[in-house]
Amino acid sequence: MRLSEEESTDRIARVRRDLRDRVVILGHHYQRESVIRFADFRGDSLKLAQLAVSRSDAAFIVFCGVHFMAESADMLRAPHQKVILPDLTAGCPMADMADLPRAERCWAELNRAAVWPVIPITYINSSARIKAFTGRHGGIVCTSSNARAILEWAFRQAPRILFLPDQHLGRNTARAMGIPPEEILVWDPDQPQGGHSTEALRRARVLLWKGHCYVHQMFKISHVRHFQNQDPPYTILVHPECAADVVQAADMAGSTGFIVETIRQSAPGSRWAIGTEIHLVERLAREYPDRTIVPLTRFGAVCATMSRIDPPHLLWVLEAIAAGSPVNVIRVPEEDARDARLALQRMLDHS
Ligand code: SF4
């Protein structure tokens, strides 16, 4: 941590060169520039996990993202590979909002109230234990790019879904499918029966776990209106983890992959206000200087835990691999991995 940025950068480049194909470095779109410059691949969480699988020649997968992403890579990796997270405190607060004891209690309460059948769906931004819970109960994983296809699949199996842990992605997807607000309820895991009567639960088609991403909650409808009122106006592009009023007022909404691709295909001279994590927006602005690209708000849309992956931590884990004693290896217990893979595989089969 005492090294200058220049020293860390030089040492990372040197050890990276020495390790050659033994290591693949993955960088999430929200990662800071001083780290992502060393990534062999950039992408969203699912794309990165799939890329890791495709690089089975690499004995070590260094995942510059957050904990649940490294867990997904660990569940999909080849047996001889190890997944490494440079800082173990790089978690996802939204994923942490859904824990196994409260999810099991929710399931038991729905069962007791005969609110049945229900298909659980978990956003990929969740712990391996929640993915395992979902797999055990006939459910499925989704991402922000395939959420609609996954909900459609679930409604072919049952009249009702339980969506964890992000209420906003669940609500935005359900609303886009034409499900009216009165058939969508938020399940508060700290209230008996999620805070609802049995009759209300039986009328609902979508039960949303009360979780959210604090980064995407920073974008407000007033920010959308501000950029729409400019002359000429900006096109507003947001992530579906934003609140429903922001998503509905925006011109476009989609996953980080969709945002990157939309900007790549946009015309020179076009103007964009983007509602997602600031590192991605600033990178797009740098990569496309012939377009005007600004964050939907300048204040605070930083994923603080993702930012814990910094050059000193990346250097530390790479040098530990080179020294033959890898640190921060992520290992999902096999009993969780087995059930979680069921839910992941259903997603791969149905999207
Ligand atoms: S941006 Fe939000 S959902 Fe993504 S890792 Fe950070 S807290 Fe989690």
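Colleague: At what angle do helix H7 and helix H16 pack, and how far apart are their axes?

Modeller: This is a predicted model, in which local features need pLDDT of at least 70 and side-chain atom pairs count only at pLDDT 80 or more, while totals for chains, interfaces and linings use all residues. Residues are numbered from 1 along each chain as its sequence is written, and side-chain values use heavy atoms, with hydrogens and water left out. Helices (H or I, at least four residues) and strands (E, at least two) are DSSP runs, numbered from the N terminus. Axes are lines fitted to C-alpha atoms, for helices over the stretch in contact, with angles from 0 to 180 degrees between N-to-C directions. Here H7 (residues 128–136) and H16 (residues 334–349) pack at about 70 degrees, their axes 7 Å apart, which makes H7 roughly perpendicular to H16 (angles under 35 degrees count as roughly parallel, over 145 as roughly antiparallel, 65 to 115 as roughly perpendicular and the rest as oblique).

Colleague: Where is His 28 found, and is His 28 buried or exposed?

Modeller: Buried means under 20% relative accessible area, exposed over 50%, and partly exposed in between, with a 1.4 Å probe and protein chains only. His 28 lies in strand E1 (residues 23–28) and is buried, with a relative accessible area of 4%.

Colleague: How many disulfides are there?

Modeller: A disulfide is a pair of cysteine sulfur atoms within 2.5 Å, and by this rule the count is 0. For Cys 106, the nearest cysteine sulfur, that of Cys 142, is 16 Å away. The sulfur of Cys 242 is 8.3 Å from the closest cysteine sulfur, in Cys 213, too far for a bond.
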